[in-house]
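Subject: Structure handover

Hello,

Here is the structure we spoke about. Please open it next to this email and follow along.

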Amino acid sequence: MALKHGLSDFLGILPAVLYEYVLYPDGSAELLYLSPSSEEILGQPAEFFVADVNRFWAMVHPNDVEQTQAEDARANHAGELFVSQVRFFHPGGQMRWLQLSSKPTPEQYNGVDIWMGYIIDITRLKEVEGELLQANRTLQALSNTDGLTGLANRRFFDEALANEWARYQRSRQPFALILVDLDYFKSYNDHYGHQMGDDCLKAVASVMQEVARRHGDISARYGGEELVNIAIDTRLEDAQAMAEHIRQGVEALDIRNEYVPFGRVTVSIGVSAIFDQEYADAEQLFKAADTALYRAKADQRNCVRVAQGPERQVFDFTTTLPQNS
């Protein structure tokens with residue numbers, strides 16, 4: 001018992017509760033001791049729980065009870081250290097996180113090994129973990145985001161394209177690339193200034209995001225005035241329609257540029273898709289969209305051009321084979 005009292009004195013400086021219990025072969029448990037700090041952490045005096053250990057479990061979140069008791073039984077049977085975390089409904093009305101830890105002792109009670117352990121209030125630790133997780137998510141989002149437009153950045157796009165290609169290799173789920181370039185953007189910057197140029201880019205980016213709103217679609221700034229969409233589960237014809245919506249949406253912004261033929265800011269767009277066309281890898285798929293964009297620039301600008309990739313061979317398996325005579 002000296003060990004128990006020594007540990008109790010040590011834990012007195014922590015938000016913790018010392019306890020001793022036995023777990024009988026039939027699965028029932030008996031709480032033999034609970035330190036006085038029980039009232040501060042668990043909201044009830046030690047005698048309340050010692051009288052009936054099930055009172056403790058009644059205050060634990062239902063989703064945590066079965067798993068924790070099963071893990072306790074497994075550790076008890078194996079004679080191993082038991083550690084678990086549970087959500088606990090404090091009588092004061094708040095939900096707290098508790099960590100339960102215990103291990104067997106050389107002593108017995110009613111022929112069963114006595115286990116000694118402690119309960120620590122880790123609520124603040126969980127809060128800090130949550131804050132840290134959110135901070136990491138925010139940092140990750142910032143590292144994947146273009147600071148000007150709010151779209152994904154080039155690095156994130158490259159990773160997303162590789163992932164979509166891998167998905168296509170596994171499941172043959174089609175996807176398309178829509179490559180967008182602002183027409184005469186250097187002229188716009190030269191005549192209206194870089195601040196107006198930045199505002200123009202952000203406005204076009206918002207059109208890109210409006211068109212690619214499905215979960216999994218990605219809009220990114222590829223570089224300079226070049227933007228790109230990855231449209232998942234999209235074949236060539238649908239991607240062409242999406243690209244036309246983008247072109248029309250940018251026209252509808254009616255951002256004036258009196259120094260170019262159209263008198264306003266427009267975009268040229270190149271489209272490619274895997275499934276309707278076959279490409280050796282993601283790089284070839286991107287090059288196809290880039291080539292289509294180049295054709296749009298060369299033709300007249302303010303238009304959509306579709307990659308002229310190799311068509312898929314379609315085999316008709318319903319053809320009746322000649323019978324041997």
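Below is what turned up, going from the whole chain down to single residues.

Keep in mind that this is a predicted model.

**Overall shape**

The protein has 11 helices and 10 strands. Its radius of gyration is 33 Å, well over the 20 Å that the globule rule gives for 325 residues, so the protein is more spread out than a compact globule. The C-alpha trace spans about 90 × 80 × 25 Å along its principal axes.

Of the 325 residues, 43% are buried. The exposed surface comes to about 18200 Å², and carbon and sulfur atoms supply 51% of it. On contacts, take those between residues at least 6 apart in sequence: 59% of them join residues at least 24 apart.

**Helix H9**

Start with H9, residues 194-211. This helix has 18 residues. From first C-alpha to last it reaches 26 Å, close to the 26 Å expected at 1.5 Å a residue.

Which residues of H9 are buried? They are Gly197, Cys200, Leu201, Ala203, Val204, Ala205, Val207 and Met208. The cover over these buried residues includes helices H8 (185-192) and H10 (236-253). It also includes strands S6 (175-182), S7 (218-223), S8 (226-232) and S9 (267-274).

**Helix H8**

H8 is part of that cover, and several of its own residues deserve a look. Ser187 sits in this helix. Its relative accessible area is 17%, so Ser187 is buried, the cut-off being under 20%. Leaving out residues up to four places away in sequence, Ser187 touches Asn257, Tyr259 and Val260.

H8 also holds Phe185 and Tyr188, three residues apart, about one turn of the helix. Phe185 counts as buried, at 8% relative accessibility. Tyr188 is buried too, with a relative accessible area of 3%.

**Aromatic rings**

How many aromatic pairs does a search of the whole structure find? The count is 12. A pair of aromatic rings is described by the distance of the centres and the angle of the planes. Two pairs show how this works.

- Trp165 and Tyr168: the ring centres are 5.8 Å apart and the planes are at 45 degrees, so this pair is tilted. Both residues lie in helix H7 (residues 154-171), three residues apart, about one turn of the helix.

Ring pairs link Phe48, Phe49, Phe56, Trp57 and Phe88. One of these rings has a charge over it: Arg55 lies over the face of Phe48, 4.6 Å from the ring centre. A further case involves Arg301. Its charged end sits over the ring of Tyr184, 4.3 Å from the centre.

**Arg170 in helix H7**

Back to H7, which also contains Arg170. Is Arg170 buried or exposed? Arg170 counts as exposed, because its relative accessibility is 63% and the cut-off is over 50%. Now compare Arg170 with Glu226. They are 56 residues apart in sequence, and their C-alpha atoms are 30 Å apart in space.

**Two backbone angles to check**

Most residues other than glycine have a negative phi, and most peptide bonds are trans. Two residues here have a positive value.

- Asn110: phi is near 55 degrees, and the residue is not a glycine. Asn110 is in the loop between strand S4 (95-109) and strand S5 (112-121). Asn110 is exposed, with a relative accessible area of 58%.
- Asp254: phi is positive, about 55 degrees, again in a residue that is not a glycine. Asp254 lies in the loop between H10 and S9. At 38% relative accessibility, Asp254 counts as partly exposed. H10 and S9 are also among the elements that cover the buried residues of H9.

Best wishes

Methods. Residues are numbered from 1 along each chain as its sequence is written. This is a predicted model: local features need pLDDT of at least 70, side-chain atom pairs count only at pLDDT 80 or more; totals for chains, interfaces and linings use all residues. Side-chain values use heavy atoms; hydrogens and water are left out. Helices (H or I, at least four residues) and strands (E, at least two) are DSSP runs, numbered from the N terminus. The expected span of a helix is 1.5 Å times one less than its number of residues. Buried means under 20% relative accessible area, exposed over 50%, partly exposed in between (1.4 Å probe, protein chains only). Contact means heavy atoms within 4.5 Å. Rings of Phe, Tyr and Trp (its six-membered ring) pair if their centres lie within 6.5 Å; planes under 30 degrees apart count as stacked, over 60 as edge-to-face and the rest as tilted. A charge sits over a ring if NZ of Lys or CZ of Arg is within 6 Å of the ring centre and within 35 degrees of the ring normal. The radius of gyration is taken over C-alpha atoms; the globule rule is 2.2 Å times the number of residues to the power 0.38. Accessible areas come from the Shrake-Rupley method with a 1.4 Å probe; for residues, only the protein chains shown count as cover.
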